[in-house]
Amino acid sequence: MSQRHLPSPRTGPTAATGQPAGVPAGISRAASAGQAARTGGRPVLGFTARTTLGVADRAITAAAARAGAPGGLRFTERQLYYETCRVLSPGSTLLRGRVPGTPAPVLRLPVFTRALEARGRETVPGLLPPLPEPAARVASSEPSGSSEPDLHDYGLPRLLMCQDRSIAGMLLVNHVHLEAACPVFAATDALPLDPRLLAALQRAEGATVYVLHDASPAGLAFPAQVRAGLGPAPGVRVVSLGLVPRHAAALRLPTGRGPAPGPAGLAALPAALRPREADWLAEGRFAEVAAVPPERLLRTVLRLTRGPRPPRDSLWSGLRGLRGTGFMTWPAA
């Protein structure tokens, strides 16, 4: 990740004096010990570190306001990190949709985390708390989270499965499951799918399981894992919503670079990928769903899971309807 704009603060001892980082060489050990006592034992940051954290703190304030707009959306810490990178690199936002590319984040994640901890996570409006670890699934005669015995007696036309638990929680908190009439699950919590949910999907003709995943080798293999986790389910489709590398390039999402996938990982990539996308993944590059701006993520998920909206009624469509029905004819429905 790029360190051009925000160098990381020094945390180790200085080479020349052996003093703690941030303590000038001319201060004695006794004086530095007294200073540490006055600050509660916290390390004293140097000028560069204080400047870095100050800039990051102001960027976090602006990023939180942007991530929560419009209407006070809730967002995860990872989404706030990527929004902070966009605040510090406004050119990436201006070029989105015009010049495709996947820039590296301008702010290192450890620096962001230190700045967030220094100001306090509870002071950031809209920031969701970290999710607890997934609880062990216990077999029960009642559907999870409901005492209604007939909950799964109806058909379930669609369902959304997320690779990232925090993204699934963010979608639920922002009521995507209500607006799209589509249950939202995290794969680690829901797979293998409850037999009653699977039966509800099969009960609805042409049911679809939508899959939301990162643009990475593991993410692109995730829809196949969901398909396998469903087991034999005739008539149930598994549809990927992305991300794929071309989405990341079109949106100019900040991307990272990890270990290059091995031959087995490359062989598992979908055949529909373009050669340039396969080469991008072979370099170990990845883009996370969390890098998509929260408002855009919600809007896209709603549009893709809810389907096209019916056309709005207008004066002309009403006149055409009257002409087709016949003047002074009572409509049949």
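I began with a term: buried means under 20% relative accessible area, exposed means over 50%, and partly exposed lies in between (1.4 Å probe, protein chains only). By that rule, both Tyr-81 and Tyr-82 are buried.

A note on what I am reading: this is a predicted model, where local features need pLDDT of at least 70, side-chain atom pairs count only at pLDDT 80 or more, and totals for chains, interfaces and linings use all residues. Residues are numbered from 1 along each chain as its sequence is written, and side-chain values use heavy atoms, with hydrogens and water left out.

**Rings.** I looked up aromatic pairs (rings of Phe, Tyr and Trp, the latter by its six-membered ring, with centres within 6.5 Å; planes under 30 degrees apart are stacked, over 60 edge-to-face, the rest tilted). The count is 2. Tyr-81 and Tyr-82 form a tilted pair, 5.1 Å centre to centre with 55° between the planes. Together with Phe-112 they make one aromatic cluster.

**Cores.** Next I looked up nonpolar cores (buried Ala, Val, Leu, Ile, Met, Phe, Trp, Tyr and Cys joined through side-chain atoms within 4.5 Å). The largest has 55 residues, and Leu-171 and Leu-297 are among those with the most contacts inside it. Helix α2 (residues 47–67) gives the most to this core, 6 residues; helices here are DSSP runs of H or I, at least four residues, numbered from the N terminus.

**Neighbours.** Which residues does Leu-297 touch, not counting those up to four places away in sequence? I found Gln-79, Ile-167, Met-170, Leu-212, Val-289 and Val-292, where contact means heavy atoms within 4.5 Å.

Key:
Helices (H or I, at least four residues) and strands (E, at least two) are DSSP runs, numbered from the N terminus.
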